[in-house]
Amino acid sequence: MKALITGASSGIGREIALYLSDLGYDIIVVARNELALRELQREVKTKVEVISMDLTDRENVWKLHEMYKREPIEVLVNDAGFGVHGPVTETDLEKDLDLIDLNITAVHMLTKLFLKDMKKRNLGYILNVSSISGFLSGPLMAEYYASKNFVLSYTKAIKAELKKEGSEVHISCLCPGPTKTNFNKTAKVEFKVKPYSAEYVAEYGVNKMFEEKTVIVPGLKMKFVHVASKLFPSIITTNVAYEIQKRKRR
């Protein structure tokens, strides 16, 4: 059994890699931080392949698939991503574009490419990591929220296609709320509510993926947010999101 996990150097991606290894999977871990991946490699008992790669570069995404398209990848986890905080007119455009390349383009490409391989074998699981933000619009983090909306919508559409085809390939979307990771440091924000542990989110997400659940929301509080996003008008949820993000600014 073999799994490929992007964004595996820290946070949820790292914990997913550890958990899949505990379940007996050989793992391929991908991130820019090779040192962190090597540290992860020393912690697991199954076979680990370390790929230090920047997935904001589209050519690297093609290369990654080319490296493993002939191998029986049973689980693909698209976790790599980051956020940018601030008004749209103030955030750096180049950083915005890197966010789009990593959070959207890389997820789209890897999902599409490995899905084709899995469909040929009629076997496999894909777990795309979105966020509770994927249900909302997010002033002061507009690009991030929009990118996670894409991941959620894209995953749900593929799930419907696979179901109509009677495929044994399964795809899920993990939508965690605040989680104790390096995310807030990168985005330059501070959570004002107690975050969930990355270990809890990872194990919950993987277990629900294997149960073939489409949308996975860890934690009762976040499940309430999910329901509320459906019940309340978008003008209300957007204003709430604005106030939450405004309080996060350092």
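Colleague: Why does Lys69 count as partly exposed?

Modeller: This is a predicted model. Lys69 has 26% relative accessibility. Buried means under 20%, and exposed means over 50%. The value of 26% falls in between, so Lys69 is partly exposed.

Colleague: What makes Lys69 and Glu66 a salt bridge?

Modeller: Their closest N and O atoms are 3.0 Å apart. The cut-off is within 4 Å, so the pair qualifies.

Colleague: Why is Arg70 with Glu66 called a salt bridge?

Modeller: The closest N and O atoms of Arg70 and Glu66 are 3.8 Å apart. That is still within 4 Å, so the pair counts.

Colleague: Are Glu66 and Arg70 buried, partly exposed or exposed?

Modeller: Glu66 is at 42% relative accessibility, so it counts as partly exposed. Arg70 is at 66%, so it counts as exposed; the cut-off is over 50%.

Colleague: How many salt bridges does a search of the whole structure find?

Modeller: Eight. One of the pairs is Glu43 with Arg14, at 2.3 Å from N to O. This pair links distant parts of the chain, 29 residues apart. Glu43 sits in the loop between helix H2 and strand E3, and Arg14 sits in helix H1. Salt bridges also link Lys2, Glu49 and Glu71 in a network.

Colleague: Why is Arg14 called buried, and why is Glu43 called partly exposed?

Modeller: Arg14 is at 17% relative accessibility, under the 20% cut-off, so it counts as buried. Glu43 is at 47%, which lies between 20% and 50%, so it counts as partly exposed.

Colleague: What makes H1 largely enclosed by the rest of the structure?

Modeller: Ten of its twelve residues are buried, so H1 is largely enclosed. Among them are Ile12, Arg14, Ile16, Leu18 and Tyr19.

Colleague: How do you know that the length of H1 agrees with its number of residues?

Modeller: H1 covers residues 11-22. At 1.5 Å a residue, its twelve residues should span 16 Å. The end C-alpha atoms are 17 Å apart, which agrees.

Colleague: What follows H1?

Modeller: Gly24 does, and its phi is positive, near 105 degrees.

Colleague: Why does Leu93 count as exposed?

Modeller: Leu93 is at 55% relative accessibility. The cut-off is over 50%, so Leu93 is exposed. Leu93 lies in helix H4, residues 93-121.

Colleague: Which residues form a nonpolar patch with Leu93?

Modeller: Leu97 and Ile100. Together the three have about 250 Å² of accessible area on the surface.

Note on methods
Residues numbered from 1 in each chain as written. Predicted model: local features only at pLDDT ≥ 70, side-chain atom pairs only at ≥ 80, totals over all residues. Heavy atoms only, no water. Helix = DSSP H or I, 4+ residues; strand = E, 2+ residues; numbered from the N terminus. Expected span 1.5 Å × (residues − 1). Buried < 20%, exposed > 50% of the residue type's maximum accessible area, 1.4 Å probe, protein only. Patch = residues over 30% accessible without salt bridge, like charges linked within 9 Å, V, L, I, M, F, W, Y side chains within 5 Å. Areas by Shrake-Rupley, 256 points an atom, 1.4 Å probe, with all protein chains shown as cover. Salt bridge = Lys/Arg side-chain N within 4 Å of Asp/Glu carboxyl O.
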